[in-house]
Amino acid sequence: MEDSFDNVLDFVVGLSQPQHQFLIEQNITNESISALLDEDAVSDLFTKRAFANASIVNKMRLKAFRIWIQDKEDADIEYDIEDFTEEECNNMMKKMSRKSPSSSQK
């Protein structure tokens with residue numbers, strides 16, 4: 001795994017060692033590959049044993065990371081992966097929760 005990608009997964013997303021290893025086994029080793037995953041692939045990823053005990057928040061953080069990368073790449077914006085900080089992650093999760101169909105049913 002690329003060091004900066006690994007650092008974000010460790011310190012911002014909060015993945016465990018088995019989860020890191022599983023991503024490597026699935027060839028998800030950098031942000032570009034991560035951005036290629038669609039919702040079905042991410043949902044499938046979360047059904048695997050390595051993610052069986054992952055918290056909902058960590059799963060949301062991983063999704064937020066993927067969406068953040070996709071947004072940057074779709075807008076053709078240059079970015080440094082280390083710009084995905086705790087604050088950036090929280091902002092992205094806030095946007096995700098506002099767009100969620102369940103958030104509009106209040």
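## What covers helix H2

In this predicted model, the cover over the buried residues of helix H2 includes helix H1, which spans residues 3-13, and helix H4, which spans residues 39-46. Helix H2 itself runs over residues 17-25, and its buried residues are Gln 19, His 20, Phe 22 and Leu 23. When the helix is viewed down its axis, these buried residues fall within an arc of 160°, so they line one face of H2. An α-helix has 3.6 residues a turn, so residues three or four places apart point the same way.

The face of H2 that is turned away from the buried side carries exposed residues, namely Gln 17 and Pro 18. After H2 comes Asn 27, a residue whose phi is positive, near 65°.

## Glu 39 in helix H4

Helix H4, one of the elements that cover the buried residues of H2, contains Glu 39. Which residues does Glu 39 touch, once those up to four places away in sequence are left out? Its partners on that count are Lys 63 and Arg 66. Glu 39 and Lys 63 are 24 residues apart along the chain, and their C-alpha atoms are separated by 8.8 Å.

## The chain as a whole

The secondary structure of the protein chain comes to six helices and zero strands, so that, read from the N terminus, its elements run α-α-α-α-α-α. The radius of gyration is 13 Å, close to the 13 Å that the globule rule gives for 106 residues, and the chain is therefore as compact as a globular protein of that length. Along its principal axes, the C-alpha trace spans about 40 × 35 × 25 Å.

Among the contacts in the chain that link residues at least 6 apart in sequence, 64% join residues at least 24 apart. Of the 106 residues, 35% count as buried.

## Surface and charge

The accessible surface of the protein chain comes to about 6,700 Å², and carbon and sulfur atoms account for 46% of that area.

Key: Residues numbered from 1 in each chain as written. Predicted model: local features only at pLDDT ≥ 70, side-chain atom pairs only at ≥ 80, totals over all residues. Heavy atoms only, no water. Buried < 20%, exposed > 50% of the residue type's maximum accessible area, 1.4 Å probe, protein only. Helix = DSSP H or I, 4+ residues; strand = E, 2+ residues; numbered from the N terminus. Arc of directions from axis to C-beta. Contact = heavy atoms within 4.5 Å. Rg over C-alpha atoms; globule rule 2.2 N^0.38 Å. Areas by Shrake-Rupley, 256 points an atom, 1.4 Å probe, with all protein chains shown as cover.
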